[in-house]
Amino acid sequence: EDTDKGAYPYYMLKEVDEQAIVARNIASHYYDEDGNLQGIGCAITDKMKEADRLYIVAAGTSYHAGLVGKRYFEQWAKIPTAVHISSEFAYDQPMLSEKPFFIFLSQSGETADSREVLDNVKKQGFPALTLANVMNSTLTREADFALPLLAGPEIAVASTKAYTAQVIVQAILASALGNPGFDLKAELAKVAVEIQAITDDKEKFKAIAEDALADQHSAFYIGRGLDACVALEAALKLKEISYIQTEGFAAGELKHGTISLIEDGTPVFALLTQKKTEGLLRGEVAQVAARGANTIVFASKSVAKEGDAFVLPEVNELLMPLLAVIPTQLIAYYATLARGLDVDRPRNLAKSVTVQ
Ligand code: G6P
């Protein structure tokens, strides 16, 4: 595999750009030429269908990917799904359902917090599946089942393509358990094309990042539903490499406290891809704008309005996180560059955290 930066100044940018290819590679691994699913054995799907609840356990960016995946397992496979932070679950195990099934999400397969949970649930005799980018890692070896994320080596500390891969593989797995009601394979092909289109437009995000974030100490990402999940990931990406304190927020919660932090010029990025809550989110954007925020809206085509910073191409609404996350990765990248920092090696962080 290619672990060379090539002409790229940083691995992160290379890995952001690779996401269209990753989407295609995953599809060619998990679908045969006739469009039938392959590579997910009945042993896995049978066990999952027996479960009365799925527990997704992960850390960091992988946890955020789990928040998105939950929607696929619940809406397509019709299995109630809980998503947990591994460091919390390890020492504060919630009351479990009668027939739980565990899904560990991990880029490295080595995160100590997640390993601790896997150890615990194995001792309790529960089945577990690991979705990991590094196969033959501890989490893949020690779980009953493992499926590859196929993102290729991810070197930058800030995870990008592993997130995308986790969302896609969860979608495919959920579609093996229940019908999404549309042609997922075709829609994923569209996702790959549109990811490519967004990454081709990177100068736009460079300009936005330089303008909105070069001199800021704090920022917000807001959204509702799936957009709130992406807001968490977007905020993590921006804060971990640019050191701008950033909160990702379920937009409806702003009024219960956080809106008091908005000052003149505070950047508030709004993600708007879910039609059901479009009107509410527009209201929230107006409320923060009225308090001086610099609002930057990324909206999907059918709900976009004049003045929005970027119009996201449209795919099935449940797959919109795969597109909405891309501008936020590029914003984090360019904001960090504008501040003169090392994009690939933020202070105090490790790519894989093998201690608890
Ligand atoms: C570290 C990395 C993050 C990653 C998290 C979980 O903190 O810096 O990018 O999301 O670990 O890692 P995993 O390998 O389990 O996905």
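Guide: Helices and strands here are DSSP runs numbered from the N terminus, a helix having at least four residues and a strand at least two. The model is a predicted one.

With that naming in place, helix α4, residues 60–75, contributes three residues to the shell around the ligand, the largest share. The shell holds 15 residues, and those that come nearest to the ligand are Gly60, Thr61, Ser106, Ser108 and Thr111. Sorted by class, the shell consists of ten polar residues, four nonpolar residues and one charged residue.

Strand β1, residues 53–58, pairs with strand β2, residues 81–85, in the parallel sense, over five bridges. Within the pairing, alanine 58 stands opposite isoleucine 85 of β2.

Two further parts may complete the view. Helix α8, residues 161–177, is mostly covered, with 16 of its 17 residues buried. At 1.5 Å a residue this helix should span 24 Å, and because its end C-alpha atoms are 25 Å apart, the two values agree.

Isoleucine 259, by contrast, lies in the loop between β7 (245–250) and β8 (267–272). This isoleucine has 17 C-beta neighbours inside 10 Å and therefore counts as partly exposed. Apart from neighbours within four places in sequence, isoleucine 259 is in contact with Leu254, Gln287, Val288 and Arg291.

Technical notes: Residues are numbered from 1 along each chain as its sequence is written. This is a predicted model: local features need pLDDT of at least 70, side-chain atom pairs count only at pLDDT 80 or more; totals for chains, interfaces and linings use all residues. A residue is near a molecule or strand if its C-beta atom, placed from the backbone, lies within 6 Å of it. Ala, Val, Leu, Ile, Met, Phe, Trp, Tyr, Cys and Pro count as nonpolar, Asp, Glu, Lys and Arg as charged, and the others, Gly among them, as polar. The expected span of a helix is 1.5 Å times one less than its number of residues. A residue is buried if 20 or more other C-beta atoms lie within 10 Å of its own, exposed if 12 or fewer, and partly exposed in between; C-beta atoms are placed from the backbone. Two residues are in contact if their C-beta atoms, placed from the backbone, lie within 7 Å. Two strands pair if DSSP finds at least two bridges between them.
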